[in-house]
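Hi,

Here is the structure I said I would pass on. Please have a look at it first, and then read my notes below.

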Amino acid sequence: HPRERPLLARAVTVTLALTAVLLRLVWSVSGSLLWTALALVTVPLVCWSARGLRYARERAESVRISPTQFPEAYRVVGSLARDMGLARRPEAYVRPGPVSVRADAAAHGLRRYLVLPDAVFDDHGLPRDREALAFLVAHQVGHLAAGHTGYWRRVATLGADLVPGLGSALSRACEYTADNHAHAHVPEGAHGVRLYAGGPTLYRRVNLGEMAARAHTDRGCSLLLYHLLSRHPGNTRRMAALRDRDRRGRVFL
């Protein structure tokens, strides 16, 4: 998305500025080089630990996709990873839980992985909609290919989350970028975005065109504030961006 890099640059600038302020504060209070150095490394260490625990949770609780467990999804992940130029196949997991279609892409160390909700599979472990599943996988692999899950990128943008609207705007731009990856590789599965609005059982009854049109007609201060604070593009805006490829997704107004 064209807004991603400018927003990323601003996020990194904010993080560096806040880091400088923090170090100056620690130095002025303690006057100790040791305490200042500890302050500098504490946040990256906490970030590393949090990412490690998140990865450990999936390894401990979720079903790992393999040639014998969810084999069709395994083939889709491998195929899209090759098409998007990833050097290594990412690990993939199926997360049990309440009915949801939210998927995730993350990393820890050299490991890249994605997590799919169990709601996109039927009782036999087969995809409810093969094209929609491929689009969801392509979206998450797109995050990996675009570098959104990198450790140093995350550390360098932590400060943006402390600035109202900046961190969420960068996140929304990244979501549009991942959608662009998915549409480029699985355009026939773009209807899968309806899963986010209708869920795994009702999404076929969602009129994508009608929802997309509301992105240009629905107005209101509270709606605008919601869009500005949300880390994901609203379903109406996301559908509008996928329907009309001549327009970029709306990050702000």
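Predicted model: local features only at pLDDT ≥ 70, side-chain atom pairs only at ≥ 80, totals over all residues.

Residues are numbered from 1 along each chain as its sequence is written, and side-chain values use heavy atoms, with hydrogens and water left out.

**The sheet**

Four strands form an open sheet in the order S1-S2-S4-S3, with mixed pairing. Strand S1 (63–64) and strand S3 (104–108) are the edge strands; each has a single partner, so one side of each lacks a neighbour in the sheet. Strands (E, at least two residues) and helices (H or I, at least four) are DSSP runs, numbered from the N terminus, and two strands pair if DSSP finds at least two bridges between them. S3 runs antiparallel to strand S4 (residues 111–117), and five bridges join them. Across this pair, Asp104 sits opposite Val115 and Ala106 opposite Tyr113. The hairpin has two residues between the strands, and Gly109 there takes a positive phi near 65°.

Is S3 enclosed or open? Four of its five residues are buried, so S3 is largely enclosed by the rest of the structure. Buried means under 20% relative accessible area, exposed over 50%, and partly exposed in between (1.4 Å probe, protein chains only).

Arg194 lies in the loop between helix H6 (166–185) and H7. Arg194 is buried but has no salt bridge, and Asp129, the nearest side chain of opposite charge, is 5.5 Å away. A salt bridge here needs a side-chain nitrogen of Lys or Arg within 4 Å of a carboxyl oxygen of Asp or Glu; Lys and Arg count as positive and Asp and Glu as negative, with His and the chain ends not counted.

In H7 (residues 195–202), the buried residues are Leu195, Tyr196, Gly198, Gly199 and Pro200. They pack against helix H4 (130–145) and helix H10 (235–243).

**On the surface**

Trp35 belongs to helix H2 (residues 33–61) and, at 53% relative accessibility, counts as exposed.

Best wishes

Methods
Contact = heavy atoms within 4.5 Å.
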